[in-house]
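I'd like to walk you through a surface patch and then the pockets, so let's get the picture up.

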Amino acid sequence: MTRTNTWVPLAQWLAILAMSQEHAIKFIWPDSPAVPWAILVGRIAFPLFAGMVAWHLLHNTRHPLRYGCRLLLVGLVAQLPYALVVTPDKLNVCFTLGLGLLAVVLLVRLEERTLQLAAGLTLVMLALAAHPWIEYGLPGLLLVPAFALAFRYPRHTAAALPLLFASILINATPARMVVSLATAVVLLLLANGSLSWRIPVPAIPRPLRLSWYPLHLLVITLATAGITS
C-alpha cells in the first residue's frame, strides 16, 4: 500500500466541525428540534478522531509515547470545562483516544508473543474496570487499537472486523450506529487507496488542533453560563 495523507486535512475539519456543532446545539440550545440531527451528524467525529490518531501513530510520528502523553495533557486541560458542560462523572474523549493509543504502543514495544498476550489481557481487564468512567466506554477504548490493526493490515478482511464491531458499539441507536460504521468504512477505503481525495484542503495549524477541544468547551461553558444568569 502507498501511504498517503491527502485525506487527513479533510478528516480534521469534518471531525472538529461535527463535534463542535453537536456540542453547541445540544448544550446551548437543548430544547431545539435540531438536537437529534446535530447528534446524528456529530457521530462522525469520534471515528474520525480515532482513525486519525491511529494513522498518525503508524505513519506520521517518531515519538508515539510523546504523542499519547500529549493527548492526555489536552484531556487534562479540557476536563474542567468538560465536567461543567457534559458530565462530571466521566473522563473526556481525549483520555479515550490517548489511552487507546498508549495501549497500542505498549503492545508493539513488547517483542515476545507471550508478553504481548499477557499485556493484552491485562489491558483488557483494566479497560473493563475503567470503562464506566471513560467517554464511549470499552468500545471507545478499543477503537484506536482497532483502527491501528486495520490500517496495519489493509488487505486482510479479518483485521477490519474489530473496527467494524467497535464502531457500531460506540453508539446506542441504529441510526447513529450506521453513521459511525459508515465513517469507519470510508476511512478504511481512503487509507488503503480504494477511495481517493484529490481536492486540496488546508491542514488545521497544529496549535489550533491541540487547543480546539478545550477552547470550544470553554466557549460553550461561558455561553451556557450567560444564558442561565
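Before the patch, the term: a patch takes residues with over 30% relative accessible area and no salt bridge, joining like charges within 9 Å and nonpolar side chains (Val, Leu, Ile, Met, Phe, Trp, Tyr) within 5 Å. A salt bridge here is a side-chain nitrogen of Lys or Arg within 4 Å of a carboxyl oxygen of Asp or Glu, and areas are Shrake-Rupley with a 1.4 Å probe, with only the protein chains shown counting as cover for residues.

Keep in mind this is a predicted model: local features need pLDDT of at least 70, side-chain atom pairs need 80 or more, and totals for chains, interfaces and linings use all residues. Numbering starts from 1 along each chain as its sequence is written, and side-chain values use heavy atoms, leaving out hydrogens and water.

So, the patch: V185, V186, L189 and L195 make a nonpolar one on the surface, together about 260 Å² of accessible area. V186 sits in helix α9, residues 174–191 (helices are DSSP runs of H or I, at least four residues, numbered from the N terminus). V186 is partly exposed at 39% relative accessible area, that is, between the buried cut-off of under 20% and the exposed one of over 50%.

Now, which residues lie nearest the centre of the largest pocket? They're G100, A103, V104, L107 and P145, out of 34 lining residues. A pocket is an open set of points on a 1 Å grid over the protein atoms alone, where a 1.4 Å probe fits, with protein on both sides within 12 Å along at least five of seven lines; lining residues have an atom within 4 Å of a point. Helices α3, α5, α6, α7 and α8 each supply at least two lining residues.

Definitions and conventions. Buried < 20%, exposed > 50% of the residue type's maximum accessible area, 1.4 Å probe, protein only.
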